[in-house]
Amino acid sequence: MKLKKQVTVCGGAIFCVAVFSLYLMLDRVQHDPARRQNGGGNFPRSQISVLQNRIEQLEQLLEENHQIISHIKDSVLELTDTGAVSPSGQLPFRSANGSWVLPFDGRPTFLSVKPQDCQFAQGRRGQTDLQMLDVYSLLKFDNVDGGVWKQGFEITYEPGEWDREPLQVFVVPHSHNDPGWIKTFDKYYTDQTQHIFNNMLVKLTEDPRRKFIWSEISYFAKWWESADMHKQEAMRKLILGGQLEMVTGGWVMSDEANVHYFAMIDQLIEGHQWLEKNVGVTPRSGWAVDPFGHSATMPYLLKRANLTSMLIQRVHYSIKKHFASSRSLEFMWRQAWDQKSGTDIFCHMMPFYSYDVPHTCGPDPKICCQFDFKRLPGGRVNCPWKVPPRAVVEANVAERAHLLLDQYRKKSKLFRSKVVLVPLGDDFRYDKALEWDQQYLNYQRLFDYMNSHPEMHVQAQFGTLTEYFTAVYKANNVPQGARPPDYPVLSGDFFAYADREDHYWSGYYTSRPFYKSMDRVLESHLRGAEILFSLAVAHARHTGMEGRYPTSDYTLLTDARRTVALFQHHDAITGTAKENVVIDYGNRLLHSLQGLKRVIINAAHFLVMKNKDVYRFYQTEPFLETDDRRATQDSLPQRTLIELDQSGPRYLVLFNPVEQDRLCVVTVLVNSARVRVLTEDGQTLPVQLSAQWSSASQMSAEVFQVCVVCPGLSASFMVRLPALGLAVFHLYDSADTPMTLRSETLLRLSGRGQTAHAVDPLPLRSQTADPQPFYTSTQSLTLGFSGTTGLLESIRRKDDPQELKVQIQFVTYGTRSSKDKSGAYLFLPDGKAKPYSQKEPPVVRVVEGPLFSEVVAFYQHFQQTIRIHNVPGVDGLSLDVTTMVDIREQSNKELAMRLVTDIQNDDTFYTDLNGFQMQPRRRFLKLPLQANFYPIASQAYIQDSQHRLTLHSAQALGATSLESGQLEVILDRRLMQDDNRGLGQGLKDNKKTANRFRLLLESRSTGNKVSHGPTSFPSLLSHLTSAILNHEVIALPVLPKKRGIPPLHTFAPFTGALPCDFHVINLRSIQHQDTHSPSPYTALILHRKGLDCGLETPNPGFNCTTTEGQLGLSSLFRNLDLQLLQPVSLSLMYSSPPMANDSSVSLEPMEISAFRLKLR
């Protein structure tokens, strides 16, 4: 106890000395030439302003003093508990166990999660009639021949069934236009899509009974921009008159497996905002006929955007058959975590194999094909069933009408109402005027005949999708979107999809991972650019400087929004397009990424200026450099080199895109080993100097990595980057300081002629590898590695007495020798995976230092880097795993990373849906291996009563757990053949790809049982880990200026901390109604996360509280006035009455809500 008192007194004394030292340092600042640049630099010349500045800083220190003193005892006691009190209180040092201890952070942090915020994960769920996990358990997944409906069964009916209530038939003409697949987006538009629109104008106008639906706004916007005013007005008239319906209204028909919910929302907003601005129409119904499986996230987002109904098509044929047999193809789709029914949306599942005409009129494709009049003899398309269509004339209309009605009646028997939906279309249909006449004239003759013969008891017509849904609601006497009596409620999702036999579409979850990764980098930049741009414009308005700020950057934002949106298309992010189309997407992604970096730089420049009066923007002379550069669309990024010299400091601006304060390690490249890093207020930071490697065992002599603990706001030892903020640092080329420490590197070599090449002053040792395991550790974690493979073997957490086996293995899958082989879509392996092997043992590099330690294992087709950060909080509690993959020499191979552990998860594992929610999965032995793979956009985990192991991913991939204790993810696929789904190519354009992960091991609190229900939630720590992985700190060097750098300061946008279960999805500037510039309004989109509090939560390294979903917005934004607070629908098309500006907003767990703000 005496020791603890002494340490406390000592700590207080150190603090007082630090305050006095800072006072003296401020006094010397004016006379220190190293801190000045060209006679001006970053410090004011006027004695009065220096004095004011000094007084303000001392006042701030005194304000914080009582907080720090009150917590200092607890903090020092925490340090003494670890047996690691710094002898000096300042310099990093090594503790008895060999791990580094960093200067202790003077600002205490706390974690306060309200018990009420934990109840959601434990709460009872509303009962649903159909839970997809239960359906999977129930089904045999046998593939019995069903007759004419091969994957179904024979359908019969009684002739008099419609005598009292006639059958209503809605034939819905449509054309499915992929924004890139076999051709590029532009080539499709030029060759086909523009002609569809031009013919539509003419042909729909000829007869008001004709209807059509359209989905992809990307194409519609391109046509609109080239059309004259008369065409635009005619098209607007067709839409507002109800002949042409915009369905879903997204920029594309989004994939649902690989996409992140940020991009799903953004592409929906982009389409809806375009429609609102140009046409004045709001979509009512969702239409998704081609995504390869369906996610439960999509119905939630459509519901939040105020759509009332939706349609899906690509669902496993066994599930379709099961639902058809119980007339459950129409249901209310409810979120599994919904405790009531607020998320319900009416969903229609198409019953048959495809959305083309042979599979939409009824169960017999041989008959339905005869009613696809584009296939009339003499055309380029025919019927595979060898019975061609016949034009409808007076002589055959009766026979044709009865034949078709029989199919309509059989189809209607699979549903609960006497209303039947019959889509009429296919890919890129109706591009010729002839087809419009063939389809519409022949069908109208059939309708006229049916409708004029009462004994047929049918009313048939062309219709839109919403007209069909409206008729279903009316037939059931319920309002639009309400649950009809006795219709089932469903929860769950529809992955994995199989269209026939054992052909599971689980390959595309990983196909072309390079672009899946690049997409997420672009999404993070888009979100960061949106937020900084909105804040910069608001601050420019607040200070009356709107005219001087480059609001023209809004064009770059719009371009990037549309690129991200385009890439969410179900043949883009999926990796299932032709090679030349992939290059086109890649060039678009790169162009937009470069534009977003400009937006970020320009916003950061304005926001970090201390004196806005001296702000000047020059288009040709950027203030900041980008953090990295990509030479081409298919190359990996190269970090920007910061060149230091003796003339003065280089300034560095760091942007934290996460909505919480952040303690982390940032790496920049410098050209000097004599680097010194200072905070904005002159505090020297611990620096770890390490080599930039030019090969597995050779250092680069010109370039060094510097790892810096991210500082920001406080005058203590370790400080933070502000939430969504910018902080300024000074880098000097100066004599070594005790705070610059060198990494120690050990090369473990096989001993066969391998040598190591060191560069002064960095120490390098080498040794012949031996099979004994070796260890590296930080204050939070100890990792064990195999002496033979150099790969991870075990993890031990600081508070755990024993280490847990967490073994990383690499395995490969081949493909079948039969005619059906794996391709871009399908995963058809040749059996279980085989261990990856190579003749030569790997070179293993072990780097250790005060801020991070890493182990890099070099193999022929991959290299794996596992890094742990020695910082308190989130960044130090998980393993940073980067696997660089290059399988271009392989043939028909898929490389997977497998985690093998002692966790007893049996057959249950968990994968995320779109980064939004977790979906429990079960491994079924009755299904083939490839059917047990699922998409992960951001994470997967396994757990038992003691531990949970989560693999967080920065890119979408396919994952599974094939045995208890295992979790595996496919990293890349190289396949030499097409898989007969229309692409006509294999996957042979592989790139060198960096797959990035965070591996998080958590302990379950005693007494907290694992729930085995249809829901599961990440812990708070897991959510925060995902955030730091997906939104890396962006490091922007200030370019040297001849006239000197004006004073810069930290920009912290918030007055206080956001509740740490809140995520800012976006702060999006809303378009101006008339121009391409931003309006005065901004959309704030918030998500309140669902939490599993049953896992032990260590201190996250920042003040973390929850508030039962309450957030006050009026005073949230520092130095800005909130002039409007208005709840809106998710895509901003529907508005509620404005709230009082001082209101708090309230979100339920898992809820996503949007608000229109006016900030200035």
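These legends walk you through several close-up views of a predicted model. Residues are numbered from 1 along each chain as its sequence is written, and side-chain values use heavy atoms, with hydrogens and water left out. Because this is a predicted model, local features need pLDDT of at least 70 and side-chain atom pairs count only at pLDDT 80 or more, while totals for chains, interfaces and linings use all residues.

**View 1. A salt bridge joins Glu 1108 and Lys 114.** A salt bridge here is a side-chain nitrogen of Lys or Arg within 4 Å of a carboxyl oxygen of Asp or Glu, and the structure holds 59 of them. In this one, the closest N and O atoms are 3.9 Å apart. Glu 1108 sits in the loop between strand 48 (1104–1105) and strand 49 (1110–1112), and Lys 114 in the loop between strand 3 (111–112) and helix 3 (119–122), so the pair ties together parts that are 994 residues apart in sequence. Helices (H or I, at least four residues) and strands (E, at least two) are DSSP runs, numbered from the N terminus. Glu 1108 is partly exposed, at 36% relative accessible area, and Lys 114 is partly exposed too, at 35%. As for the words used: buried means under 20% relative accessible area, exposed over 50%, and partly exposed in between (1.4 Å probe, protein chains only).

**View 2. Asp 431 pairs up with Lys 432 in a salt bridge.** Here the closest N and O atoms are 3.6 Å apart. Asp 431 is buried, with a relative accessible area of 10%.

**View 3. Arg 888 and Asp 886 form a salt bridge.** Their closest N and O atoms lie 2.8 Å apart. Arg 888 is partly exposed at 43% relative accessibility, and so is Asp 886, at 23%. Elsewhere, salt bridges with shared partners link Glu 225, Asp 266, Glu 270, Arg 562 and Arg 1068 into one network.

**View 4. Helix 14 covers residues 465–475.** Its buried residues include Leu 465, Tyr 468, Phe 469 and Val 472. After helix 14 comes Asn 477, with a positive phi near 55°.

**View 5. Helix 15 runs over residues 513–542.** Take 1.5 Å times one less than the number of residues, and you have the expected span of a helix. For the 30 residues of helix 15 that gives 44 Å, which agrees with its end C-alpha atoms being 44 Å apart. Helix 15 is mostly covered, as 28 of its 30 residues are buried. Gly 544 follows helix 15, and its phi is positive, near 70°.
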